[in-house]
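Dear colleague,

Please find the structure below, handed over for your records. My findings follow it.

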Amino acid sequence: MTAVGLIFSNIHDNTIPELTRKRTLGSVPFGGRYRLIDFTLSSMVNSGISKVGVVTHNNYQSLLDHLGNGKDWDLARRSGGIKILPPYITSFENAASNKFYSSRLEALMGTVNFLNRCEEDYVVMSDCDVICNIDLNKVIESHIASNAAITFIVKKADIAGHNENEKVCAVEFDENNNLTEIAERKITEGVSNIYINMMVVKRDYLLNVIQEAIARGYKSFLYDIIIRNIGKENYKVYNYDGWYAQIGSLESYFECSMKLLDNDARARLFGIKNYPILTKVRNSAPTRYCEGAKVINSVVAEGCIIEGTVENSIIFRGVHVGKGAVVKNSILFQDSYVCPDATLNCVIADKNVMIKDGRTLSGHSSMPFYIGKDVTV
Amino acid sequence: MFKKKECVAMLLAGGQGSRLYALTTKTAKPAVPFGGKYRIIDFTLSNCINSGIDTVGVLTQYQPLVLNEYIGNGQPWDLDRVYGGVKILPPYQGQKSADWYKGTANAIYQNLAFINRYDTDYVLILSGDHIYRMDYAKMLKYHKEKGADCTIAVIDVPIEEASRFGIMSTNEDGSIYKFSEKPKNPDSTNASMGIYIFTKDKLQKYLEEDEATEGSANDFGKNIIPNMLVAGEKMFAYPFEGYWKDVGTISSLWEANMDLLGNKPVLDLGNQEGRIYSRNLAGAPQYVGPDAKIENCYITDGCEIHGTVINSVLGAGVKIAAGAYVKDSVLMGDTEIGAGATVNYSIIDTNVEIGAGATVGVAKERAKGITVIGEDVKVTNGSTVEDGAIISEF
């Protein structure tokens with residue numbers, strides 16, 4: 001195999017503090033039965049990558065629970081498979097600050113041992129804030145053909161209307177796909193080329209820049225390494241033309257989730273032949289729609305019992321919507337229980353939430369109402 | 001190296017299931033889909049692991065490809081073990097003889113070597129075509145408490161149905177004094193569920209004797225159990241309460257699927273007693289379209305519903321186009337129902353295409369019988385499949 005995967009499960013945790021209070025961004029639930037890490041992990045597995053390092057920071061219990069030994073992604077391997085890479089602190093290194101890493105570059109420093117032991121020539125690095133289903137083989141092929149040091153995966157998209165506090169990495173490149181500019185910006189209007197936080201990099205090159213960063217005390221992968229070397233190193237971009245959504249806030253989480261109600265979006269994310277999105281198997285029973293249930297335009301996972309009305313919503317596994325309850329424009333995480341005659345509109349209910357009889361809760365599509373894990377309303 | 005296992009389960013999965021007609025032309029009965037995401041054998045395999053039995057021999061014979069592939073290394077049932085786990089036991093060619101399994105008892109006889117490798121004390125005999133959830137550990141405890149040589153699980157059936165079953169007549173302490181296979185005038189309502197626990201040494205003795213008897217049917221119900229009774233071995237009936245159904249016929253398979261429906265289903269797989277495991281394929285969550293109407297249904301991942309579905313069970317990856325109408329039916333999976341098509345009172349096997357505007361079956365109230373469409377059949381646009389028809393080619 002030519003490439004090894006490296007996933008940063010925590011890097012963008014602070015963009016959705018509500019959902020990442022008790023979990024990593026990678027283990028944030030999405031789309032009824034998935035966690036955000038499933039998309040990048042499945043893309044890697046479907047592209048034949050069988051060794052994946054998952055970099056964690058803190059709060060990663062839910063991530064470990066989700067990944068297990070990796071068998072649901074066919075990554076429970078004698079050699080390779082999933083390797084969890086927790087923060088690397090010895091009594092000597094980092095002893096003065098005694099702190100966890102605070103940047104991607106520092107996180108990478110902790111993966112040197114893992115990368116040194118790999119024999120693959122290339123590393124596919126990915127974050128967990130982007131939802132897509134990508135054939136990485138094509139990217140790796142183009143990376144090899146162009147002999148690039150790094151190939152940045154770029155998506156041309158119109159993300160105007162995003163929450164004003166959200167930043168994305170906008171890039172510019174010439175007609176030969178050479179990277180000419182990359183910067184973190186707020187995007188307010190128009191179509192932009194966005195770096196989707198996935199790259200293919202030569203392993204040797206990556207190890208070299210990490211060594212240099214350690215030697216020179218660099219802090220930022222983007223500013224101290226990439227931007228300084230634009231025009232000097234062979235940095236290419238690869239244009240991804242599949243379905244894409246990027247989550248940078250609770251509002252965009254809500255918006256991206258609701259995109260799944262579109263037939264075309266689901267076909268391009270879930271319906272690609274030989275590229276299934278894999279996730280942890282929960283062995284729930286099928287979903288039971290009772291007499292009197294009314295469900296329209298919704299994504300519903302397994303293990304649910306629907307007795308009431310559900311419209312324009314995303315319903316996760318094991319949710320129970322009671323008789324007479326009305327759920328509209330909402331996202332209900334695993335094992336939530338909406339008691340009879342309760343009414344929800346534009347609500348995001350975290351895991352195991354209970355909405356008692358007759359309660360009415362409503363947010364707005366531009367500002368969904370979030371209910372924390374295990375809360376009873 | 002093998003580790004001792006107190007109890008080894010032997011699962012008889014070789015039956016042809018000829019009464020399921022088109023549903024078993026390419027698939028052995030235990031591998032027939034049930035309840036949306038399951039296959040019939042999931043129930044016995046899950047019961048085993050939920051009862052702490054981690055060594056299961058599965059005896060296959062008829063059309064084993066799908067079944068073997070489905071069971072695989074046993075991982076979905078947590079039966080991928082270093083010691084024990086699930087093992088497929090097909091008939092084999094020996095140095096002196098080569099034989100298909102001649103009967104249920106002969107199948108076990110031919111695999112005594114497998115049982116003995118685990119130095120087991122008890123052998124649990126199961127069949128792979130029943131839908132039920134049962135804690136075999138409780139039955140084993142009962143077997144040990146009674147000091148029995150053989151314990152047979154029984155379920156109380158209505159007296160008018162008793163003549164369809166093997167009936168156990170028992171004393172007050174549960175010991176069996178008479179066994180009659182499908183009696184005309186049953187004197188008890190304790191029907192055998194086809195679940196036996198034997199003390200291993202006794203089982204071996206009677207299997208060997210039976211094998212040496214010329215003209216024997218080599219069958220547990222016909223030979224082994226009667227022989228043990230005659231010889232005065234200690235045989236007990238273990239009463240089971242709960243849902244149990246033999247799904248060996250089209251109508252019982254349809255009924256068992258329907259038992260999953262309703263606001264208080266007779267068979268509720270969502271509750272916590274004994275979860276049923278199955279090999280899950282990666283499907284997206286189900287999507288219910290803006291014009292869909294779903295009433296009283298059981299629906300699996302990967303389905304896309306744009307039409308109307310009433311009183312039905314849908315397996316993974318079923319697509320129902322807008323304007324289609326499905327009622328009182330079991331769609332086993334990966335089936336497409338075209339726009340404006342009507343499906344009534346039917347069982348439709350996997351990977352079937354029902355063309356736009358086609359009509360399959362008629363409303364249950366008026367139907368002559370359940371319509372059955374076998375695997376991979378394509379029903380062309382606008383055509384009609386008569387009610388009660390059983391087709392494996394169209």
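A residue is called buried under 20% relative accessible area, exposed over 50% and partly exposed in between, with a 1.4 Å probe and protein chains only. By that criterion, Tyr34(A) and Phe270(A) are both buried.

The model is predicted: local features need pLDDT of at least 70, side-chain atom pairs count only at pLDDT 80 or more, and totals for chains, interfaces and linings use all residues. Residues are numbered from 1 along each chain as its sequence is written, chains are lettered from A and ligands numbered from 1 in the order in which they are written, and side-chain values use heavy atoms, with hydrogens and water left out.

Aromatic pairs. Rings of Phe, Tyr and Trp (its six-membered ring) pair if their centres lie within 6.5 Å; planes under 30 degrees apart count as stacked, over 60 as edge-to-face and the rest as tilted. Over all chains, this rule gives 21 aromatic pairs. The rings of Tyr34(A) and Phe270(A) are stacked, because their centres are 5.2 Å apart and their planes lie at 15°. Tyr34(A) belongs to strand S3 (residues 34-35) of chain A and Phe270(A) to helix H9 (residues 263-270) of chain A, so that the pair links parts of the chain 236 residues apart. Helices (H or I, at least four residues) and strands (E, at least two) are DSSP runs, numbered from the N terminus. Ring pairs also join Phe30(A), Tyr34(A), Phe39(A), Tyr253(A), Phe270(A), Phe316(A) and Phe333(A) into a cluster.

Sheet. Two strands pair if DSSP finds at least two bridges between them. An open sheet of 11 strands, with mixed pairing, runs in the order S28(A)-S25(A)-S22(A)-S19(A)-S16(A)-S14(B)-S17(B)-S20(B)-S23(B)-S26(B)-S29(B). Its edge strands, each pairing on one side only, are S28 (369-371) of chain A and S29 (378-379) of chain B. Within chain B, S17 (residues 304-305) and S20 (residues 319-320) run parallel and are joined by two bridges; Ile305(B) has Ile320(B) as its bridge partner in S20(B).

For Cys169(A), the nearest cysteine sulfur, that of Cys132(A), is 15 Å away. The sulfur of Cys304(A) is too far for a bond from the closest one, in Cys290(A), because 11 Å separates them. Cys304(A) is buried, with a relative accessible area of 1%.

Chain A overall. The chain has nine helices and 28 strands, and buried residues make up 58% of its 377 residues.

Yours sincerely

Key. A disulfide is a pair of cysteine sulfur atoms within 2.5 Å.
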